[in-house]
Amino acid sequence: MNKIEEFYNKFNEDKRLKTRHGQVEYEITMHYINRYIDEIMPKTIVDIGAGAGAYTVSLLDKAESVIAIDLVRYNLGRLKQNAAKMDENLAGRLTTYKRDARKLRDIDNNISDITLLLGPMYHLDNSVDRKKALSEAIRITKPGGVIFVAYIMNEYGILMHGFNEHSILEDMDNGNVDKDFHINNEDKIYSFVRLEDIDEVNEGMNVNREVIFSPDGAANHFRPMLNSLSEEEFNAFIKYQLSVCERPDLLGASAHTVDILRVR
């Protein structure tokens, strides 16, 4: 995991979510989070892989307690700085832990009403480790609570990196992409999956799927187009993506997919 820490010591996640394609992802993800907040009225929200706290800080006024967990000490430092800009009473609701998503030591069973797992699966390169991370999220979530699990999709990687960056032939020659155009994630910073890979992670787990949706759809594929839109047009794009984000025929080619799971 040292490579992940090294990566995020340089990568500005706050800045990414403030780009237009990042705003689409954030706004639609928050739409679904708020839907379940309204239903569950959570006392505790846990954000696993919280990064610099884009979601964490936004949720401080939604629960009595918010627990932010991240592997990278630098991210947690930035998260605390961002939380400190909030009202003192809200900032006091935050607790942080430096932990690996696969082993959440010192985090109690059944503590969370809503659990976010919006980053760790991006970096776990095999089903065994993804299952460990999901199992831990289930362990700390109350029965009836929900878990938001985010993934990066295989076809986005093939199209945007393989073809757009003209590396696809080399990637197939050196084994980074197989004959079925499935990306080999081993020892890579990012892990790319297909819908069947997500289903494999969920298999045998004590959860039921509520809904699976794409928070950004084509936004990452069309960054220059998004940047050229007027504010009114951009707001219309967000409304468009919200209207199609659950369509199964569009999920696989999106950049990100979020699986909402209800703990039994």
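**Close-up views of a predicted model**

**View A. A network of salt bridges links E39, E210 and R262.** The model is predicted. Across the whole structure, a search finds 15 salt bridges. Side chains of opposite charge can pair when their charged atoms come close.

**View B. R102 forms salt bridges with D100 and with D129.** In the pair with D100, the closest N and O atoms are 2.7 Å apart. In the pair with D129, the N to O distance is 3.2 Å. R102 lies in the loop between β3 (94–98) and β4 (112–117), whereas D129 belongs to helix α7 (residues 127–140), so this pair ties together parts that are 27 residues apart in sequence. R102 is partly exposed, with a relative accessible area of 24%. D129 has a relative accessible area of 13% and is buried, because buried means under 20%.

**View C. The side chains of R247 and D249 meet in a salt bridge.** The N to O distance is 2.6 Å. R247 has a relative accessibility of 42% and counts as partly exposed. D249, with a relative accessible area of 53%, is exposed.

**View D. The largest pocket has a volume of about 810 Å³.** Its lining is made up of 45 residues, and Y8, E13, G119, Y122 and H123 are the closest to the pocket centre. By residue class, the lining of the largest pocket divides into 24 nonpolar, 11 polar and 10 charged residues. Rolling a probe the size of a water molecule over the atoms shows where empty space is left.

**View E. Helices and strands contribute to the lining of the largest pocket.** The elements that each supply at least two residues are α1 (2–8), α2 (13–18), α3 (20–40), β1 (44–48), α4 (54–58), β5 (141–153), α8 and β8 (256–263). Of these, α2 gives the most to the lining, with four residues.

**View F. The second largest pocket holds about 280 Å³ of space.** This pocket is lined by 16 residues, and those nearest its centre are G157, H161, D171, I183 and F192. Two or more lining residues come from each of α8 and α9 (168–173). The largest share of the lining, four residues, is from α8. The lining of the second largest pocket divides into seven nonpolar, six polar and three charged residues. Helix α8 also supplies at least two residues to the lining of the largest pocket.

**View G. L159, F163 and F181 form a nonpolar patch on the surface.** Together, the three residues have about 250 Å² of accessible area. F163 is found in helix α8 (residues 154–163). With a relative accessible area of 42%, F163 is partly exposed.

Terms used. Residues numbered from 1 in each chain as written. Predicted model: local features only at pLDDT ≥ 70, side-chain atom pairs only at ≥ 80, totals over all residues. Heavy atoms only, no water. Patch = residues over 30% accessible without salt bridge, like charges linked within 9 Å, V, L, I, M, F, W, Y side chains within 5 Å. Areas by Shrake-Rupley, 256 points an atom, 1.4 Å probe, with all protein chains shown as cover. Salt bridge = Lys/Arg side-chain N within 4 Å of Asp/Glu carboxyl O. Buried < 20%, exposed > 50% of the residue type's maximum accessible area, 1.4 Å probe, protein only. 1 Å grid on protein atoms, 1.4 Å probe; cavity = no way out; pocket = protein on both sides within 12 Å on 5 of 7 lines; lining within 4 Å. Points joined across faces, edges and corners; volume = space filled by probe spheres on them. Nonpolar A, V, L, I, M, F, W, Y, C, P; charged D, E, K, R; others polar.
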